[in-house]
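Open the model in your viewer and keep the selection tool ready. The tour goes stop by stop.

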Amino acid sequence: MSRQVQGIVAMAKGAPVELRTITVPDPGPGEALVDIAACGVCHTDLHYREGGISDDFPFLLGHEAAGTVSAIGEGVTHVAVGDYVVLNWRAVCGQCRACTRGKPWYCFSTHNATQKMTLEDGTELSPALGIGAFIETTLVAAGQCTKVDPAAPPEVAGLLGCGVMAGLGAAINTGAVTRGDSVAVIGCGGVGAAAIAGARLAGAAIIIAVDLDDRKLEAARGLGATHLVNSSREDAVTAIQALTGGFGADVVIDAVGRPETWKQAFYGRDLAGTVVLVGVPTPEMTLEIPLLDVFGRGGRLMSSWYGDCLPERDFPTLINLYLQGRLPLDQFVSEKIEITGIEAAFESMKRGEVLRSVVMM
């Protein structure tokens, strides 16, 4: 059995996305169907559309989503029909070398649905990050469903599915920010803004927001930044050092992912500080730095995948913090749009006008 629903597809590299009829099979063993309530428009979706991730077109876009489980396949026990869930793209296997060594956030064999969703003519779709959530109902591995408190509205809850979790986790999980730390965040889009919120949540004493755009810097102030640095007008490294007693920050998070911003993070940290790379570089980018500079500094040089999160641990906790008024997730929702507004949302994203546009299904 199967059902036909409407979803957003990227048919070819660089071409505008299309609203198409999609055939979704009933869930098989270990799979679940989820009726999508809301899905954020993430920069990763734009990367897929522009061929920056792979050329496995056509793509069913969308991955930052919340909704309700509408059907489950054989053997599924941890979610049931009617459960309110946030979708995640790292459903850990529990058996690979990372999982068995007690580091499941590095899982090398994450689960996705086995069956394929297709166009009406049978063409198989590649779901973005193994999810594909710009659609009325999607098919996922049941492990990609994380139950959370239904009191949180879907436009807020779904943000944990990617960008907000990446930023929060870069600060809390990867960077291990703690009380009294100094933190600098380079790049204050959705991920960087979430890293600022995470640093405040962790109790950082100094939180320095660095960006080229005064609008993003003001938004960062509202999420907890104590100092703002517009790096188009002043040198970021010099400014970070000046705000930290001349030493540099304990943790510097690069939420841009370019060689020049990584160097700013490297030289803007304290001698024994931590650099966290959470912005995603493109394949052609390279980095050249004197090896003696690396040798001459202690600390850690880290990369953060999905905020090094465990969805079953982190999603419910963060939703509870939101419901307690301690994590202002509402501030990340810049606009709510219809499914036909995704191309316009991409343009708003490019212009730096939004933290998140959220599709309401």
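Which residue caps the N-terminal end of helix 6? Select Asp-213: one of its side-chain oxygens lies 2.8 Å from the backbone nitrogen of Arg-215. Helix 6 spans residues 214–222. Helices here are DSSP runs of H or I with at least four residues, strands are runs of E with at least two, and both are numbered from the N terminus. Just after helix 6, pick Gly-224, which takes a positive phi of about 130°.

Some ground rules. This is a predicted model, where local features need pLDDT of at least 70 and side-chain atom pairs count only at pLDDT 80 or more, while totals for chains, interfaces and linings use all residues. Residues are numbered from 1 along each chain as its sequence is written, and side-chain values use heavy atoms, with hydrogens and water left out.

Show the open sheet of 5 strands, ordered 7-2-1-4-8 with mixed pairing. Strand 7 (118–119) and strand 8 (126–127) are the edges; each has a single partner strand, so one side of each lacks a neighbour in the sheet. Two strands pair if DSSP finds at least two bridges between them. Strand 4 (residues 59–60) runs parallel to strand 8, over 2 bridges. Select Phe-59: Ser-126 in strand 8 stands opposite.

Step back to Pro-58, in the loop between helix 1 (43–49) and strand 4. A cis peptide bond joins Phe-57 to Pro-58, with omega about -5°.

Ring pairs link Tyr-48, Phe-57 and Phe-59 into a cluster. Rings of Phe, Tyr and Trp (its six-membered ring) pair if their centres lie within 6.5 Å; planes under 30 degrees apart are stacked, over 60 edge-to-face, the rest tilted. The count comes to 7 aromatic pairs. Select Phe-266 and Tyr-267: their ring centres are 4.9 Å apart and the planes stand at 90°, so the pair is edge-to-face. Phe-266 is buried, at 0% relative accessible area. Tyr-267 is partly exposed, at 23%. Buried means under 20%, exposed over 50%, partly exposed in between (1.4 Å probe, protein chains only).

Go to Leu-129, in the loop between strand 8 and strand 9 (137–141). Its phi is positive, about 50°, although Leu-129 is not a glycine.

Last stop: Tyr-306, in the loop between strand 16 (300–303) and helix 10 (311–323). Phi of Tyr-306 is near 55°, again a positive value in a residue other than glycine. Tyr-306 counts as buried, at 3% relative accessibility.

How values were computed:
Polar contact = N/O pair within 3.5 Å; in protein donor to acceptor, adjacent residues only side chain to side chain.
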